[in-house]
Amino acid sequence: MPWHALTADDSVARLETDSAHGLAADEVARRLAASGPNALPEPKGKSRFAMFAGQFTNLLVALLAGSAVLMVVLGEMVDAAAIAGILVLNAVLGFTQERRAADALAALRRMAAPHARVRRDGATAIVP
C-alpha cells in the first residue's frame, strides 16, 4: 500500500516508532547514518561561462551572426561592427539578467529552509 494511503497508526508501525515518545536520539543518529538526511538534492546550476555562452544559442542570434559575417565578406565593415556590437550587448544584458535571476532564486531557497515538528525522546522538537 502506498504511503499516502496509510493511516497514522499504520505509518507509525511501518516506521518502527510510537506516537507518544517518538524516536530516541541514538535511533535518530543510527537512521541518519544508514539512510542519510531527508532532503531533496540541490539542482546543479550552470557555470557563469555556460550561462554567457548560452546567450548565443538562439536562432535569431545565429542569423545576426551570419549576417555580420556576410557584411565582412561584402566589405561593409561599419554594418558588420554594428551587428557585432548588438550581438555582444544582447549577450551581456541576457547574461546579467539570467545571473541575477539565478542569484535571487538561490537566496529564496536559503530563506525558505523548511522545518518539521517531531517527537524525540517524548518531547516535541523543531528540526530542519
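This report walks through some side-chain contacts, a strand pair and a surface patch in a predicted model.

## Aromatic rings

Let us start with the rings. The structure holds 2 aromatic pairs. In one of them, the ring centres of Phe-52 and Phe-56 lie 5.6 Å apart with planes at 75 degrees, so this pair is edge-to-face. Phe-52 also pairs with Phe-95: here the centres are 5.9 Å apart and the planes stand at 80 degrees, so this pair is edge-to-face too. Where do Phe-52 and Phe-95 lie? Phe-52 belongs to helix 3 (residues 48–53) and Phe-95 to helix 5 (residues 77–111), so their contact ties together parts that are 43 residues apart in sequence.

Taken together, Phe-52, Phe-56 and Phe-95 form one aromatic cluster. Is Phe-95 buried or exposed? Phe-95 has a relative accessibility of 18%, and because buried means under 20%, it counts as buried. Phe-52, at 29%, counts as partly exposed, and so does Phe-56, at 38%.

The charged end of Arg-14 sits over the ring of Trp-3, 4.6 Å from the ring's centre.

## Salt bridges

Next come the charged side chains. How many salt bridges does the structure hold? There are 5, and the table shows some of them.

| Salt bridge | Closest N to O distance |
|---|---|
| Arg-30 and Glu-27 | 2.7 Å |
| Glu-98 and Lys-46 | 3.0 Å |

Begin with Arg-30 and Glu-27. Both residues lie in helix 2 (residues 25–35), and they are 3 residues apart, about one turn of the helix. Glu-27 and Arg-30 are also linked with Arg-31 in a network of salt bridges. Arg-30 has a relative accessible area of 46%, so it is partly exposed.

The salt bridge between Glu-98 and Lys-46 has its closest N and O atoms 3.0 Å apart. What does this pair tie together? Glu-98 lies in helix 5 and Lys-46 in the loop between helix 2 and helix 3, so the pair ties together parts that are 52 residues apart in sequence. With a relative accessible area of 27%, Glu-98 is partly exposed.

Asp-103 counts as partly exposed at 36% relative accessibility, and Arg-99 counts as partly exposed at 25%.

## A pair of strands

Now look towards residues 116–120, which make up strand 1, and residues 123–127, which make up strand 2. These two strands pair in the antiparallel sense over 5 bridges. As one example of how they line up, Arg-117 stands opposite Ile-126 in strand 2. The hairpin that joins the strands has 2 residues between them, and in this hairpin Asp-121 takes a positive phi near 55 degrees.

## A nonpolar patch

Which residues make the nonpolar patch of about 410 Å²? They are Val-69, Leu-70, Val-73 and Leu-74. Val-69 has its place in helix 4 (residues 59–73). Val-69 has a relative accessibility of 53%, and because exposed means over 50%, it counts as exposed.

Terms used:
Residues are numbered from 1 along each chain as its sequence is written. This is a predicted model: local features need pLDDT of at least 70, side-chain atom pairs count only at pLDDT 80 or more; totals for chains, interfaces and linings use all residues. Side-chain values use heavy atoms; hydrogens and water are left out. Patches are made of residues with over 30% relative accessible area and no salt bridge: like charges are joined within 9 Å, nonpolar side chains (Val, Leu, Ile, Met, Phe, Trp, Tyr) within 5 Å. Accessible areas come from the Shrake-Rupley method with a 1.4 Å probe; for residues, only the protein chains shown count as cover. A salt bridge is a side-chain nitrogen of Lys or Arg within 4 Å of a carboxyl oxygen of Asp or Glu. Helices (H or I, at least four residues) and strands (E, at least two) are DSSP runs, numbered from the N terminus. Buried means under 20% relative accessible area, exposed over 50%, partly exposed in between (1.4 Å probe, protein chains only). Rings of Phe, Tyr and Trp (its six-membered ring) pair if their centres lie within 6.5 Å; planes under 30 degrees apart count as stacked, over 60 as edge-to-face and the rest as tilted. A charge sits over a ring if NZ of Lys or CZ of Arg is within 6 Å of the ring centre and within 35 degrees of the ring normal. Two strands pair if DSSP finds at least two bridges between them.
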